[in-house]
Amino acid sequence: MLAIARTEGFELYALSFRYGQRHTVELEAAARVAAVYGARRHVIADIDLRTFGGSALTDDAIAVPHHGSVDELASDIPVTYVPARNTIFLSFALAWAETLGASDVFIGVNAMDYSGYPDCRPEYIEAYERMADLATRAGVEGTQRLKIHTPLIALTKAQTIQRGLDLGVDYALTHSCYDPVDGRACGTCDSCLLRARGFAELGQTDPALAPVN
C-alpha cells in the first residue's frame, strides 16, 4: 500500500494499531516498512479490543484455526474476524486525516482472496466514505471530501504480490500471520495459507516461510 501511494505521489503518513491482538510482530514489520518507504510519520495507536473479545485474534479463549492446506478453508466468516475492526481503524484514520488537512486514506482491504470479512467489501468502503463527509467539521464545511483508496480490493493475492514485486517491494520485511511462533509465520493459519498460495501461483516461495539458514 505504501509503495503504491508513494508511486502515485502522495506524502506518506502511516497508521498502525496495537488493538489487543495476540502478537506485536506485525507492528514491528509495519515500522520496518514505514521506514523503508519514508513515511513522514508512523503512528501506532493503542486500542484495547480485548475488552470485548469475540475474535480469535483478541480473545485467548478462542483458538486461531490452523489447516493442512488452503483447500480446507471454510467459506463462512471465520473466528479471526474482529468485530467492526475496519470501521474502528478507518475512524482513527479519518480523525488523523482531518487534523492533517488530508483527504486521502489508503487501506489494503481485499474482496477476492480473503477470509469473508464483511468490512473488506466495496459497498462497505463506499458507505463509509459517504458517512465520513457527514461526520467531521471539515466535511460539513466543505474543506475535506474523504477519498478512501482501495487499490488492492479487486486483486487476487497473486496479483497483489505481483503488483508489489513490480514496485520493488521486499516481502521479507512484511508479516501477515495470525499466530506466529517465535516471531515467525506459522504457515498454517488462514492468512499464511492464502498468502503462500499467492506466491505459489507466481512460481515463488513466500519469504516469510523460507527456512532459517
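Tutor: We will go from the whole chain to a few single residues. This is a predicted model, in which local features need pLDDT of at least 70 and side-chain atom pairs count only at pLDDT 80 or more, while totals for chains, interfaces and linings use all residues. Residues are numbered from 1 along each chain as its sequence is written, and side-chain values use heavy atoms, with hydrogens and water left out.

Student: OK. How many helices and strands are in the chain?

Tutor: The chain has seven helices and four strands. Helices (H or I, at least four residues) and strands (E, at least two) are DSSP runs, numbered from the N terminus. Starting at that end, the order is α-β-α-β-α-β-α-α-β-α-α.

Student: What radius of gyration does the chain have?

Tutor: The chain has 17 Å, which agrees with the value near 17 Å for a compact globule of 213 residues. The radius is taken over C-alpha atoms, and the globule rule is 2.2 Å times the number of residues to the power 0.38. The C-alpha trace spans about 55 × 40 × 30 Å along its principal axes.

Student: And how much of the chain is buried?

Tutor: Buried residues are 43% of the 213. Buried means under 20% relative accessible area, exposed means over 50%, and partly exposed is in between (1.4 Å probe, protein chains only).

Student: Next, the strands. Which way do β1 and β2 run, parallel or antiparallel?

Tutor: They run parallel, with six bridges joining β1 (residues 13-18) to β2 (residues 41-46). Two strands pair if DSSP finds at least two bridges between them. L15 stands opposite V43 in β2.

Student: What do β1 and β2 make with α2?

Tutor: With helix α2 (residues 25-36), they make a right-handed β-α-β unit. Right-handed means that, with the strands pointing away from the viewer, the path from the first strand over the helix to the second runs clockwise.

Student: What does W96 touch?

Tutor: Not counting residues up to four places away in sequence, W96 touches Y13, A14, L15, R41 and V43. Contact means heavy atoms within 4.5 Å. W96 lies in helix α3 and is buried, with a relative accessible area of 15%.

Student: What about loops? Is T58 buried or exposed?

Tutor: T58 is buried, at 2% relative accessible area. T58 is in the loop between β2 and α3 (85-100). Leaving aside neighbours within four places in sequence, its contacts are Y19, G20, L49, R50, G53 and V82.

Student: And what is phi of A84?

Tutor: Phi of A84 is near 60°, a positive value in a residue other than glycine. Most residues other than glycine have a negative phi. A84 is in the loop between β2 and α3 and counts as partly exposed, at 35% relative accessibility.

Student: Where is D182 found, and how exposed is it?

Tutor: D182 is in the loop between α6 and α7. D182 is exposed, with a relative accessible area of 77%, and its phi is positive too, near 55°.
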